[in-house]
Every structure is written in structure tokens, then in C-alpha cells.
Amino acid sequence: MSYIARRLMRAILLLLGVSALCFLFTEMAPGSFFDEMRLNPQISPATIAALRSRYGLDQPLVVRYERWIKAALHADLGHSIAYNTPVAPLLWSRAKNTLLLSTTALFLTWLISVPLGLWTGARPGGQVDRLVTLVSSLLISVPELVIAMALLAIAVRWHFLRVGGMMSADFGDLSAWEKLSDLLLHLALPVFILVLCETAVIVRHVRASVLEVLQARYVQAALGYGTSRTRLLVRHVLPVAANPAISLLGFSLAGLLSGSLMVEVVCGWPGLGPLILEATLARDLYLVIGGIMFSALFMVGGNLVADAMLFALDPRIRGEGNGADGH
Amino acid sequence: MGIKTSILLAALAFSHLILLFAGFFAPCDPTTQDRELPYAPPTHLRFRDASGFHLRPFVYAWTSSSAGEQSDDYQENYREDRSREFPLQFCVRGASYKVLGVFKTDVHLFGTTEPGKLSLLGTDSYGRDEFSRLLFGGQISVAAGIAATAIALLVGSIFGLIAGYYGGWTDESLMGVTELFLSLPWLYFLLGVRAFLPLHLSTVRTFFLLTGVIGLIGWARPARLVRGLVLSLRHRNYVLSARGFGGSDFYIVRRHILPEIAGVLLTQASLLIPRYIAAEVTLSFFGLGVNEPAPTWGNMLSTLQQYSVLVSYGWLLAPAAALVVTSVLYSSLADAIHRG
């Protein structure tokens, strides 16, 4: 169990590091939310000073950080200045949508990537392989923003899917079934964009690790025993090739979350992305920090899930009880 | 160097030269507005008129329909005024600009005489020439990508060298920090850092700020790469013997280690530049980058956040196309270098 414990430890250290980094950046910031208020002659300097102390901005960095950490342990991430509400519930209401979008995209990406990677890795140089390699290298080199805008333009121009927001204006009047289909139609475009961008990356990695495993001696031996090709791939190659692919899951989450932020803004999906963008433009300090912490939390959570999967699937990690070289 | 690499390098050099001398290649000033011509479609270069074929192409001016019959779709509001032809001319005098920011001149490669207007890629919402803005905007976007890459590679290879060369706790603590940077979704991180910096600044200061922020977030990946290389190079026989002869750390790094990692840094550069150009474009698209009226590919695209604009005025997608071309060129170059 020490493997999981160590991973958990690392996750906590990572979250601490991220929050410390955020506070360091706030210290370096030359401006603040109250700068614009200061220009307003109707607000007295005393009011601003009172507000500053209410949000704890008059304290030195270390004191502020300590307070924030203590509060964060009780799921309190501070107070939004622009919305004048606690940050955590605000973020959570949006984070649910981001989670819906990115987990759907993640699930579909892997559903497509693994069989495709297995197929192309098993027949390198074949027609499917060459096609997949060409398309994926094209998709990788085209920036996600451009892919998103192009697909959005197509969807809007020819009225393919529903764009803008998460539900239609008459959502309240619809029956349960229509509600579901409306939601899915809104979800389809952002998910499609994300899946397209992510699959291009993941397929290549799965293919590479399948190619590598196919070279192994035991695969040759299994072939020699006359194991059928399908059984060889599914029973002997896939479990071993899955190891690096699962480690990749953790890393691919970072890309997925960044991509989802951008896609949310472009498609108007009411997730964390637009909220953080607004907060950034309004210089709403704690909301931005909270947003970054949420994204870091997703990352860490995803990584832990990947670690647990590795632990469950890979007997080598379980046997050693140490996963230092797990990937 | 293979033939493919040479071709790609030539194409990149050519496109970058055009961007560098944008003032010369662009027929108009990028910030001059024309309230009479918002969202005017691209001007057609024509060779044929009532009197037959002309070798020198010419353009017609756009006339907008009278106020009474204006429709919401701008595109239908413009008709070519066939009464007068404006021939295309080379090396014409037009708006003044500075070459490389130093010499002042007003000679443009091509253009046409007033009141004719040559807008190869149409105009934007303020009637500014999209083609000229594309070239001037490319200057900022591409330069930002290159500068951010330089920062990331410099910082990354310094930390990577230190971590790989000295090993031990230095290595462990530095790699802990890179893990921190690598495990964060970069766009969230970028937005976060940007949130703590002033929003409205002069173009030059924003430019430096953007490149600094992008570069400082991106240093972790090259640092890891360099560290891994140095770690294996450190135990090579020639390094050990150089040390045996009393070579200092600095000498060994400069003479034996840097030349070995230079190739990898080059590949990294051609991988990172398009990514960082895209980062600048994304930030400016969000309104966090270089502000109007200075053009960048990102803030030119940001008008397309309105669905009606996105669908109606296809020519405003030109910066996206330019971005795609640049990215594909750079990543093919990385691929070509990587394969040798």
C-alpha cells in the first residue's frame, strides 16, 4: 500500500506547491481590484482601506497564505470581490459543467484511441496506419484554437448542432427526454473538438507502445506457439502496452483541461473557463486562485486514478510495493 | 541536411522575411480606419473588362448601397463600381512606415491609386485592410513565439544543466519544481499569472510581459529534456577524461556538453515556437494580450467570438489560416530535423 500512500503524499505536496506559487505571483502583482475604485472620487480612501482589510489584502504574504490554507482545509477558498460571494460554491457550480465536458471527452478519446492504436500498431505501414499517422500529425500541428473555430463556424453556418451555452432558451418547458437530447446536442460540439485534438496525441502514444511490446521475446514466443493474432493482441500485448498509456492518462489531463478552457470560451460552454477568464479580466484575486486550485485538483485526482489503475493492473508495481520506476 | 529540411527552411525564411518587412509588402497602414467600408469583401483582381483583356490587373472600388436599403448582411451591401478602373501598380507611394523600425519611407511593393482601394483579404469591422493587418499582426505574434521560446530554452537548459550535472539533492529539488510546472494545465496557469499583471499597457510592454510569462511557464519541459541528456553525458569517457585532466566544470559544460545538446535544443525550438505563437494568439484572442489598435493574429480573431461575424465574413479567418501555415511549417521542420 506504500505505493498509493507515496502517490497521495506527492499529490498533497503538489497542491501545496501550486497554491504557494499562486500567492507568490499575487505578491509580485503591481495592480489590484481596488485600483479602479481608488480613481472614483465618491469612494473615500478609508472605505477602500476597510475593504482591503476585510479581504485580508493589507496583511503580509505569509500571514495571508497561512490564513488561506487554514480556510481551504475547511473548503473555504476565500471571497470573490466582483461577485461578492464565497468562491468555492461559485466555482463548484461551474466546475460540474467542466467535469461533464472533460470526462465525456476523456472517455470517448480513450474509447477511440486504444482500438485505433492497437490496430495501427499491429499493422505498421498499412493503409489505416498511414492514414491515421497523416491525420494525427496534421491535427497535432494545427493549434486547437483554430480547430475549434473552424468546427464552430461549420456548425453555426450549416446549423449542425446547437451552439452557445449548455441549454436552449426554452429549456424549462421541455420534457425530460427533450431536456436530455437538448443537453447532448449542446455538448456534442465542444466534446467533438476536444476528442479530435486529444485522440491525435493519444493514438500515437498507444501505437508506439504497442509497437514496442510487439518486439518483446514473449510475444515472439506466443506467436511461435501458434496463438491467434487477435488473442495475441488482446491477451498478451494490450495489458503490457496499457501501462505507459495509463501513465499518459495523468499527463494528458493537463492538455485536456487547457483545451477544455479554450473550447468552453469559444463555444460558450458555462464551465470554469469563462468564469476564470472573467475573473482574470476583473482581477478577482481569490476567484482566480480558486480556479487554478480546482484545475490542479482535477489534475491530481486524475493522476491518482491513473496510479490506482496501474496498481490494480500491473503486478510488477504491486509486487515491488514501490512504483518509483512505474513509468 | 536533407532536401526536405532545406525546402522547409527556405519557406520559413521567406515567410518571416515578408513579416519582417511587412510595411513594404502591405499596401495600407494597419491602423487606418475607413468608416465607409466596414466588412468589405476582398477586392477581386481583374484582367478583363468591356474593352477586352489587360495584362496589368486592375480593381474596381466598392460602393456601399444607400442607407435606405442597407441590410444586416454587410456582404450584400457592396457592389463593384464598374465606371472606373484602378490598375495595380508596383512600388507605389502610400502610407509612410518605418523599415525595421529605423528608416522612414513610403514605398510599397504594390498598391493602387486613390480613391481605389486594394484589400486582398477584405476589411474588418473598422474598415481596416485585413491583409496589411495580417502582415503587421504576424510580426508581433511570430516574434512573441520566437522570443518566448528563447526564454524557455535558456532558462530550461540552465536549470537542466545544473540538475543533470550536479545531481543529488540539487537535481531532486529542481526536478520537483519542474514537475509542479508540468503537472498544471498551462492555459489555467497562463491566465492565472496574467491575472496578477496589469491589463492595459503599451504594446511594447505587453509584448515583453507576454513573452516573459509564456517563456517562464514553458521552461520545465526543455529543462527535463536537457537534464536527462546531461545525466547520461556526464558519465561518458571523454567527459571523465577531461575531468581527469583537470578541466573545470565550466570548461566541460562549454566544450563537451553544450555541443551535444545543441541539436536537441534546435528540435525543441522548432516544436515550441508554433506552440508559443498559438499561446500568444490564444491570450490575445481572450483579450489578455496586445490591445487594439495594434494588430496581432489573436486580437484580429477575437472579433469572431460573435457567431454572426464568424459565419458572415469568412475572410476574417485569414489569421487562423496564417497560423496554421506557420505551425505546419515549423512542426514539419522539427520532424525533418528529428529524422536527420
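Colleague: Leaving aside its neighbours within four places in sequence, which residues is N243(A) in contact with?

Modeller: This is a predicted model, in which local features need pLDDT of at least 70 and side-chain atom pairs count only at pLDDT 80 or more, whereas totals for chains, interfaces and linings use all residues. Residues are numbered from 1 along each chain as its sequence is written, and chains are lettered from A and ligands numbered from 1 in the order in which they are written. Two residues are in contact if their C-beta atoms, placed from the backbone, lie within 7 Å; with those sequence neighbours set aside, N243(A) is in contact with L310(A) and D314(A).

Colleague: Why is N243(A) called partly exposed?

Modeller: A residue is buried if 20 or more other C-beta atoms lie within 10 Å of its own, exposed if 12 or fewer, and partly exposed in between, with C-beta atoms placed from the backbone. N243(A) is partly exposed because 19 other C-beta atoms lie within 10 Å.

Colleague: How many residues of chain A are in contact with chain B?

Modeller: On the contact criterion already given, 39 residues of chain A are in contact with 35 residues of chain B. By class, the chain A side has 29 nonpolar, eight polar and two charged residues, where Ala, Val, Leu, Ile, Met, Phe, Trp, Tyr, Cys and Pro count as nonpolar, Asp, Glu, Lys and Arg as charged, and the others, Gly among them, as polar.
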